[in-house]
Amino acid sequence: MVFSNLTAPETSDEDLSDVLEDVTEEAQNSGKTISTDIVRAGSLAAYQAVRAESAVGDVFLKFEQVEDAHKCYLALNGRMFAGNQVKGSFIDAATFDALKL
């Protein structure tokens, strides 16, 4: 799954690391995560090659159980984070795996 609209495009790498840590902690309340990553300016092109709508600050999460991803979506989608309304969406396993996280 992916959560977007968490940060501004000019967010520093240090702040992006903090965002990833915060979102990962929140996500783990819903279940066990297998993989997590955040899109940084230097890796944006690689993400967009697999998922065109990717943007700096998008957080990608893969859960051990699909049900846990759904719980996380319900918990975080629409919440306010740093003044932005979080948008959650699901991506299929093949797309996630193609990102090589």
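Student: Which residue in S3 does Phe-3 stand opposite?
Tutor: Phe-3 stands opposite Val-59 in S3. Before we go on, a word on the source: this is a predicted model, where local features need pLDDT of at least 70, side-chain atom pairs count only at pLDDT 80 or more, and totals for chains, interfaces and linings use all residues. Residues are numbered from 1 along each chain as its sequence is written, and side-chain values use heavy atoms, with hydrogens and water left out.

Student: What is the strand order of the open sheet?
Tutor: The order is S2-S3-S1-S6, four strands with antiparallel pairing. S2 and strand S6 (87-89) are the edge strands, since each pairs on one side only. From one strand to the next, the twist averages 20°.

Student: Which strands does H1 lie across?
Tutor: H1 lies across S2 and S3, running at about 155° to S2. H3 packs on the sheet too, touching S1, S3 and S6, and its direction makes about 145° with that of S3. Axes are lines fitted to C-alpha atoms, for helices over the stretch in contact, and angles run from 0 to 180 degrees between N-to-C directions.

Student: Why does Ile-38 count as buried?
Tutor: Buried means under 20% relative accessible area, exposed over 50%, and partly exposed in between (1.4 Å probe, protein chains only). Ile-38 has 1% relative accessibility, so it counts as buried. Ile-38 sits in strand S2 (residues 33-38). Leaving aside neighbours within four places in sequence, Ile-38 is in contact (heavy atoms within 4.5 Å) with residues including Leu-16, Leu-20, Tyr-47 and Val-59.

Student: How do you know that Arg-79 and Glu-26 form a salt bridge?
Tutor: A salt bridge is a side-chain nitrogen of Lys or Arg within 4 Å of a carboxyl oxygen of Asp or Glu. For Arg-79 and Glu-26 the closest N and O atoms are 3.1 Å apart, so the pair qualifies. Arg-79 lies in the loop between helix H3 (66-76) and strand S4 (80-81) and Glu-26 in helix H1 (residues 13-27), so the pair ties together parts that are 53 residues apart in sequence.

Student: Why is Arg-79 called partly exposed?
Tutor: Its relative accessible area is 38%, so Arg-79 is partly exposed. Glu-26, at 33% relative accessibility, also counts as partly exposed.

Student: What is the N to O distance in the salt bridge of Lys-32 and Glu-64?
Tutor: It is 3.7 Å. Lys-32 is in the loop between H1 and S2 and Glu-64 in the loop between strand S3 (59-63) and H3, 32 residues apart. With a relative accessible area of 52%, Lys-32 is exposed, whereas Glu-64, at 45%, is partly exposed.

Student: Is Arg-51 buried or exposed?
Tutor: At 10% relative accessibility, Arg-51 counts as buried. Its salt-bridge partner Glu-53 (3.7 Å, N to O) is exposed at 54%. Arg-51, Glu-53 and Asp-58 are linked in a network of salt bridges.

Note on methods: Helix = DSSP H or I, 4+ residues; strand = E, 2+ residues; numbered from the N terminus. Pairing = 2+ DSSP bridges.
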